[in-house]
Amino acid sequence: MAHSFTPASSSKPGPNQPKFDSEAVWQARVDLAACFRMAARHGLEEGICNHFSALVPGYDDLFIVNPYGYAFRELTASKLLVCDFDGHVVSGDGQPEATAFYIHARIHKALPRAKVAFHTHMPYATALSMTEGPPLIFAGQTALKFYGRTAVDENYNGLALDNREGDRIAGAIGDADIVFMKHHGVMVLAPTIAEAWDDLYYLERACQVQCLALSTGRKVVPVAPDIAEAAYRQMRDGDAESARLHLEAVKRTLDAEEPAYRT
């Protein structure tokens, strides 16, 4: 299912070379590696087909992404690649997976607010992307974290193996942070790695609970819109700090049980 990638341009990478030994860049690598490892623990990935990316701190045209051919549980900070928007690897060994490049490069380029982009085929959210109508019912408290923040890309067009499909996906996002990609999976966009992780984790939990509720055969009752809006605002107040602490807890867990992610 995954595809190897070859840059369309044979030109060399541009002059925007980051200081790879800076603390900020290394910390971004460590944080992203922690998200890969914990996503694997929770079963949020699918084989070697899913991908997380983050803009290199201080650079708006370079992004960190996982290399082709590795499962999430194998990834470490030093194994991650830095790519430019033309597909050149400016740091690291290997290449990105093809759809990883065409989706993530075009999203980061078209949407500067999307400093971080996590794409998965995680099972419950993906299951809801296959159903008729809006995927997420705002019926459970956890789901209210995403009230007014979601979009649906209705126009599944096969694998994203060129810039045109990447651009089409980027254009379908609008102002949303969470995108249900019909027949495909989900995309989470965020200003920080911690917030992307927090949204990804809680999105799958919300979708899991909704699937369980639907499996009872009884009607799922949404929260009244005014209460949903108020609860959303309560949840978003301090959400960035809560996300930071969530990721710190993830790293403490990994430090105790599989500290190699930091290498």
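Visitor: At what angle do helix α5 (residues 193-215) and α7 pack?

Guide: This is a predicted model, where local features need pLDDT of at least 70, side-chain atom pairs count only at pLDDT 80 or more, and totals for chains, interfaces and linings use all residues. Residues are numbered from 1 along each chain as its sequence is written, and side-chain values use heavy atoms, with hydrogens and water left out. Helices here are DSSP runs (H or I, at least four residues), as are strands (E, at least two), numbered from the N terminus. The axes of α5 and α7 sit 8 Å apart, and the angle is about 85°.

Visitor: Are α5 and α7 roughly parallel or roughly perpendicular?

Guide: Angles under 35 degrees count as roughly parallel, over 145 as roughly antiparallel, 65 to 115 as roughly perpendicular and the rest as oblique. The angle between α5 and α7 is about 85°, so the pair is roughly perpendicular.

Visitor: Is Asp 239 buried or exposed?

Guide: Asp 239 is found in helix α7 (residues 239-257), and its side chain makes a polar contact with the side chain of Arg 236 at 3.0 Å. (That is a pair of N or O atoms within 3.5 Å; within protein, one must be able to donate a hydrogen and the other to accept it, and residues adjacent in sequence count only if both atoms are side-chain atoms.) Buried means under 20% relative accessible area, exposed over 50%, and partly exposed in between, with a 1.4 Å probe and protein chains only. Asp 239 comes in at 9% relative accessibility, so call it buried.

Visitor: How far apart are the end C-alpha atoms of helix α2 (residues 98-110)?

Guide: The expected span of a helix is 1.5 Å times one less than its number of residues. For the 13 residues of α2 that should be 18 Å, and the end C-alpha atoms agree, being apart by 18 Å.

Note on methods. Axes are lines fitted to C-alpha atoms, for helices over the stretch in contact, and angles run from 0 to 180 degrees between N-to-C directions.
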